[in-house]
Amino acid sequence: MFHGSLPDSVQRIMGDCVRDWKCDDIYIGCSGNFTIERMLKGVTNARLHGNDVTIYSCLLGNYFAGVPLEARFNENYDGPMTFVKDYMKTDLDIVTVVLLLSKMAVYLGSKPNPHYLRMIDAYKAQWAELFEQTKTKIEKAGQFLSTFYAGDVIGWVDEVPRDQGFICYPPFYSGDYEKMFKVIEEIIAWTPPSYDMIDKDKIFEMFRKLTEREYFMFGTNDELAEFSDYLIGVAQTTNRGVPLYVYSKAPKSRIVMPSQQVDSLFVERLGKDEDIGNEIKIIELKSENFRALRSQYMNPYIKPGSETSSYGVLVDNKLIGVYAFSASPTLSNWDKHIQTPTMYLLSDFPIAPTKYKRLAKLVLYAALSLESKMLAERITNHRIRSLVTTAFSKNPVSMKYRGLFRLLNKKELPGVEEGETDMSKIYYNQGYQLNYGAAMGEWTLAEGLAMWKKKHSQTGGKEEQ
């Protein structure tokens with residue numbers, strides 16, 4: 001029902017700590033999706049108090065606290081969702097509409113294209129059923145907050161009684177949420193709270209204030225040396241995934257590390273000195289196979305994402321590389337740069353060692369092939385026009401993608417401090433972030449192999465990254 005919840009492992013760490021708190025009230029800053037509050041109501045009898053500033057969280061928070069919403073349909077709105085006015089009769093109706101609109105934000109907030117328009121039409125056709133299902137889930141959640149404060153968390157900390165509990169997992173970046181909130185505010189009129197933009201300096205100052213309390217807890221996506229004495233938990237949900245750090249006063253600490261299921265793919269692989277064959281095909285991989293191959297061949301400093309589907313590329317029944325798609329919705333809008341709808345290329349890599357320095361390009365030829373396009377359309381149940389992906393490079397171009405993909409945009413990264421030893425931070429913060437795109441289906445697998453042999457099958461030179 002809700003978006004972007006904290007992982008269960010972090011919730012367990014927090015819950016174990018709060019069970020020992022001897023306070024009557026717990027205040028939760030930056031409530032977001034109320035993940036912490038919903039977890040706490042199962043582990044403590046303390047009164048819970050939420051806080052946030054966005055239309056999404058404020059309307060939900062006030063509803064969960066039993067406060068009248070004072071929100072209504074925006075009469076100036078004339079887009080495709082005007083019909084929701086008829087569904088906004090009660091506060092429960094309004095928060096139900098808010099949740100459904102947040103799920104549609106990727107389609108409503110982007111430049112229209114045929115796929116987005118079809119998705120909007122599909123939601124409209126199923127709206128009555130989705131509305132009742134979502135409304136029932138919200139009713140079941142109940143009104144579990146004693147109060148909700150719509151305002152700046154930095155100032156709120158000073159108003160909260162010092163002998164009561166305070167928990168905060170603040171956002172360190174806005175991501176795509178701003179677009180989601182803008183879409184909702186176009187449809188629903190409300191009075192937003194006034195607040196100052198939060199930044200890391202303000203967040204750290206708030207953390208320092210919290211450590212002066214008896215009952216406090218805060219979480220971050222970075223390990224903070226300044227607060228090392230209060231580190232009580234570390235959770236990492238996937239191998240090479242981003243660790244989440246929890247700080248508090250507690251007699252014990254916990255580390256939750258991933259248990260990743262892997263399974264070897266029993267397929268012969270192209271040998272170190274072997275010539276590549278002539279018959280190319282794609283096979284679908286199990287997630288366990290993909291994770292095992294990714295751990296073996298992919299740069300270990302790349303943070304892995306969750307694939308929708310993954311594939312092995314075989315030539316003469318010998319594995320030469322792997323790629324994976326993600327069909328998760330995104331607010332990124334490529335209409336100005338490339339034909340849409342798009343599929344996201346989550347991962348692509350060749351096996352190693354082989355004598356071919358540009359084997360990675362053969363994996364890309366396969367990923368862009370007509371056969372691969374059909375697989376992408378089978379996953380999504382709609383037409384796919386293009387493939388998009390993201391690369392991180394020390395240079396303003398990626399040699400691996402150049403020639404096959406078009407550079408859609410690039411962003412120079414902030415760099416890292418001298419002496420930084422975290423290789424993952426170095427990988428993601430040094431050089432350039434490059435977004436690439438290419439049309440799918442312009443050649444078959446066999447044609448792609450022939451083109452690769454003609455242009456890229458040299459065995460000398462530097463491997464392309």
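S310 touches I283, E284, L285, K286, F290, Y323 and A324, leaving aside residues up to four places away in sequence; contact here means heavy atoms within 4.5 Å. S310 sits in strand β12, where helices (H or I, at least four residues) and strands (E, at least two) are DSSP runs numbered from the N terminus. With a relative accessibility of 1%, S310 counts as buried, a label for anything under 20% relative accessible area, with exposed meaning over 50% and partly exposed the range in between (1.4 Å probe, protein chains only). The model is a predicted one, in which local features need pLDDT of at least 70 and side-chain atom pairs count only at pLDDT 80 or more, while totals for chains, interfaces and linings use all residues. Residues are numbered from 1 along each chain as its sequence is written, and side-chain values use heavy atoms, with hydrogens and water left out.

Now to the sheet around β12. Seven strands make up an open sheet, running β11-β12-β13-β14-β15-β17-β16, with mixed pairing; two strands pair if DSSP finds at least two bridges between them. The edges belong to β11 (280-285) and β16 (406-412), each of which has a single partner strand, so one side of each is left without a neighbour in the sheet. From one strand to the next, the twist averages 30°; axes are lines fitted to C-alpha atoms, for helices over the stretch in contact, and angles run from 0 to 180 degrees between N-to-C directions.

Helix α10 (residues 359-367) touches β11, β12 (309-315), β13 (318-326), β14 (342-350) and β15 (386-393), and its direction makes about 55° with that of β13. Helix α13 (residues 445-456) touches β11 and β12, with its direction at about 115° to that of β11.

Most residues other than glycine have a negative phi, and most peptide bonds are trans. T340 and P341 are joined by a cis peptide bond with omega of about 5°, and P341 lies in the loop between β13 and β14. Another cis peptide bond links A352 to P353, with omega of about 0°; P353 is in the loop between β14 and α10. D316, in the loop between β12 and β13, has a positive phi near 50° without being a glycine. At 36% relative accessibility, D316 counts as partly exposed.

Elsewhere, strand β9 (residues 244-248) is mostly covered, with five of its five residues buried. L244, V246 and S248 point one way from β9, and Y245 and Y247 point the other way. In a regular strand the side chains alternate between the two faces of the sheet. Strand β7 (residues 216-220) pairs with β9 in the antiparallel sense over four bridges, and V246 is the bridge partner of G219. Strand β8 (residues 231-235) also pairs antiparallel with β9 over four bridges, and here Y245 is the partner of V234.

Of the 18 residues in α4, 16 are buried. L59 touches L69, A71, I94, V95, V98, I188 and W190, again not counting residues up to four places away in sequence.

Finally, the cysteines. The structure holds zero disulfides, a disulfide being a pair of cysteine sulfur atoms within 2.5 Å. For C17, the nearest cysteine sulfur is that of C23, 10 Å away, and C17 is buried with a relative accessible area of 7%. For C58, the nearest is the sulfur of C30, 11 Å away; C58 is buried too, with a relative accessible area of 1%. C30 lies in the loop between β1 (25-29) and α2 (35-40) and has a positive phi of about 55° although it is not a glycine. At 16% relative accessibility, C30 counts as buried.
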